Amino acid sequence: MLTGDRVRMRAIEPSDAVFLLRWHTDLEVMRWLEDPYPPSLAALTRQLEERKPDSYESLTLMIDDLDGRTVGICALRGAEPETGNATLDIYLGEKDTWGQGYATDAMRVICRYGFQKMRLHRIGLTVVAENTAARRVYEKVGFVEEGRRRESFRRDGKWHDQVVMGLLEGELR
C-alpha cells in the first residue's frame with residue numbers, strides 16, 4: 001500500500017469491479033476518457049479475477065481516501081527497463097472528490113513510486129486538450145507539454161487534440 005497526504009493506493013481486487021462499472025457508465029466521469037463498450041458486472045469481475053499480477057511492466061492501483069473510501073484508479077503501464085519509460089493513466093470516479101486535491105496527491109504518490117522503486121526516468125501521459133482540470137493537476141506535479149496529437153480523440157461527434165505530457169526523474173513537485 002502506498003500512502004500520500006490524502007490517499008492510500010492499493011492493489012486492485014475483483015470486488016473493485018462494482019466501482020469500475022459505476023464509473024465507466026457515468027458520462028461525466030468518462031467525458032475525456034477512452035470509454036470501453038458497456039461491460040457487465042460479471043464480465044468486469046471475471047476480467048479482474050483473470051488479470052495478470054502486477055509487474056514492472058504494468059502496475060494498477062486503486063485510489064482510496066484516508067478513510068478507506070475508493071475514489072479512483074491509476075496505472076503505470078508499458079514500463080521498460082531498457083528505456084526507463086512508462087505511461088501513466090489516472091482518473092477519479094467519485095465526482096465529489098474532484099477539485100479536492102486527491103488526484104494531485106495520487107499523482108505524486110504514483111510518480112514517486114515510479115521514479116524511486118521502479119527506477120523510471122520518464123513518465124508520460126496523454127490528455128484531451130479541453131480537459132483543463134486534468135492538465136492543471138499534471139502541470140502542478142511537474143508534467144510539461146511535449147507535443148500534440150491533432151484530432152486524435154473523438155467525443156460527441158467532434159474531434160479533439162490530445163496533449164502529450166512528460167515528467168522526468170527529478171522534476172516531480
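This is a predicted model: local features need pLDDT of at least 70, side-chain atom pairs count only at pLDDT 80 or more; totals for chains, interfaces and linings use all residues.
Student: How many bridges join strand 4 to strand 5, which run antiparallel?

Tutor: Strand 4 covers residues 70-80 and strand 5 covers residues 85-92. One of the pairings sets leucine 76 against leucine 88 in strand 5. Between these antiparallel strands, the number of bridges is 7.

Student: Which residue takes a positive phi in the hairpin of strand 4 and strand 5?

Tutor: This hairpin has 4 residues between the strands. The positive phi lies near 70°, and the residue that takes it is glycine 84.

Student: What is the handedness of the β-α-β unit made by strand 5, helix 3 and strand 6?

Tutor: Strand 5 and strand 6 (residues 122-128) pair in the parallel sense over 3 bridges. Here asparagine 85 stands opposite arginine 122 in strand 6. With helix 3 (residues 102-116), the two strands make a β-α-β unit that is right-handed.

Student: Which residue forms a salt bridge with arginine 69?

Tutor: Side chains of opposite charge can pair when their charged atoms come close. For arginine 69, the closest N and O atoms are 3.2 Å apart, and the partner is glutamate 94.

Student: Is glutamate 94 buried or exposed?

Tutor: Buried means under 20% relative accessible area. Glutamate 94 has a relative accessible area of 9%, and therefore it counts as buried.

Student: Is aspartate 156 buried or exposed?

Tutor: The side chain of aspartate 156 meets that of arginine 31 in a salt bridge, at 2.3 Å from N to O. The term exposed applies over 50%. Aspartate 156 has 65% relative accessibility, so it counts as exposed.

Conventions
Residues are numbered from 1 along each chain as its sequence is written. Side-chain values use heavy atoms; hydrogens and water are left out. Two strands pair if DSSP finds at least two bridges between them. A crossover is right-handed if, with the strands pointing away from the viewer, the path from the first strand over the helix to the second runs clockwise. A salt bridge is a side-chain nitrogen of Lys or Arg within 4 Å of a carboxyl oxygen of Asp or Glu. Buried means under 20% relative accessible area, exposed over 50%, partly exposed in between (1.4 Å probe, protein chains only).
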